[in-house]
Amino acid sequence: MKIKFVDLAAQNLEISERVAFEMESVHSATSYVGGHQVESFEREFAEFLNVKRVIAVANGTDALRIALLALGVGPGDEVVTVPMTFIATAASIVQTGARPKFVDIDPATGNMSIPALRSFLESLPRTERRAVRAIVPVHLYGLPAPIVELKEIAAEFNLKLVEDACQAHGARIRTGNQMVMAGTVGDVGCFSFYPGKNLGAWGDGGAVATNDEELAQRISLLSNHGRLSHYAHEICGYNSRLDSIQAAVLRAKLEKLDEWNERRRVIAAAYRELLSPLDAQPILEPADVQSCYHLFVIRSARRDAIRNALLQKEIECGIHYPVPLHLQPALAYLGYRAGDFPASEALADTTLSLPMHPHLDGQEILRTVQTVASVLTQANEPLAAQRRNASPAVGSASSDA
Ligand SMILES: Cc1ncc(COP(=O)(O)O)c(C=O)c1O
């Protein structure tokens, strides 16, 4: 029997009654863009995150682009991010007119490396440093980036901090003796509600979270035609809004998010224990953070052999991501070369995402690990690492748009 990478049908069963009820109210109000459902979702997601404001937008890419624009990023500016992420992180920077600058990741966590960021910033002559306006760390796979240290560096170098929390709904970070949500420590946090996310809509959706009221106002203007009222436009903004139907689904799923994330954490713990005798290194979860396990990722030099064995047994898996962004044709104009970011390139060559969703059962976890083990306990298996030849079948288990 097939093992699914994500199981949205099982999620839908848990929320169907609540969604049916909310859909009635959408249809009776005939308010399909914005309106009561969207306002309620913005308020409820802000309460969940414990931030002052959430502004719903059309998708996660827009959340990043609009957040950067609202912070004043534009042509001539540079924005620092990582190459090991989905294209949208860098594309949103490009869309503002700014230039992405990459720094490498920490090989143990896959997240932005603090020493790499510091050495990049310190290596720049003062005149060039002035062009750098913001840092965009990604909470990759749902594991929070070292956001407290990043905030200190942002303050030291007078940079804005934009959290790409598109994979990290409900992930937590220790600050002092408190646990706070990913996406709430920087100037803004940006979320995607693409269907496969931990909090996913039935279509596209996104949101920006912030504690800065003035910034929230600019984000809201930019995302809705620069509107002060229906026909009073302060600026020429964008049309990037959330539909009521998506908001209704998101409200129903938000009620379940902590419980579903907890189930993901239990599944991750089971995977870790069962995989521990094998040479399949799961991404490290540092003690001061709680991943929301958007993905459960292992690393192995025999990644391609494991992937083939899983696919043969109808166990869906994915590679996030087979080509780091500095080697993507779309960003070739930035002038980076293979070898520039060795940790990102090594992760791209070895990373494999196993099935992970809140409805995965014990038998499915066991079958998956047994299949991984069947490869890793065979002698003389050819090495993996055919990054740039990764087969299109990989994309079928997508967590991204
Ligand atoms: C890390 C990251 N950033 C940005 C995005 C963009 O979000 P969206 O697809 O909603 O535009 C995604 C979505 O897949 C993502 O995974």
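Helix 9 (residues 244-275) and helix 12 (residues 362-376) have axes that come within 10 Å and cross at roughly 35°. Keep in mind that this is a predicted model. Elsewhere, a ligand sits among 18 surrounding residues, and the protein buries 98% of the 390 Å² that the ligand exposes when taken alone.

- Two numbers describe packed helices in general: the angle between the axes and the distance between them.
- For this pair, the crossing of helix 9 past helix 12 is right-handed.
- Helix 9 brings Ile267, Ala270, Tyr271, Leu274 and Leu275 to the contact, and helix 12 answers with Ile365, Leu366, Thr368, Val369 and Val372.
- Sorted by class, that contact has nine nonpolar residues, one polar residue and no charged ones.

**Around the ligand**

- Of the residues around the ligand, the closest are Gly60, Thr61, Asp164, Ser192 and Lys197.
- Thr61 puts a polar side-chain atom 2.5 Å from an oxygen atom of the ligand.
- For Ser192, a side-chain N or O atom is 2.7 Å from a ligand oxygen.
- Lys197 has a polar side-chain atom 2.8 Å from an oxygen atom of the ligand.
- Two elements give two or more residues to the shell: helix 3 (60-70) and helix 4 (87-95).
- Helix 3 supplies the largest share, with three residues.

**Backbone spots to check**

- As background, most residues other than glycine have a negative phi, and most peptide bonds are trans.
- You'll find Tyr321 in the loop between helix 10 (303-312) and helix 11 (342-350).
- Look for Asn50 in the loop that runs between helix 2 (36-49) and strand 1 (53-57).

Key
Residues numbered from 1 in each chain as written. Predicted model: local features only at pLDDT ≥ 70, side-chain atom pairs only at ≥ 80, totals over all residues. Heavy atoms only, no water. Near = heavy atom within 4 Å. Polar contact = N/O pair within 3.5 Å; in protein donor to acceptor, adjacent residues only side chain to side chain. Areas by Shrake-Rupley, 256 points an atom, 1.4 Å probe, with all protein chains shown as cover. Helix = DSSP H or I, 4+ residues; strand = E, 2+ residues; numbered from the N terminus. Axes fitted to C-alpha atoms, helices over the stretch in contact; angles between N-to-C directions. Left-handed = near helix turned anticlockwise from the far one by under 90°. Contact = heavy atoms within 4.5 Å. Nonpolar A, V, L, I, M, F, W, Y, C, P; charged D, E, K, R; others polar.
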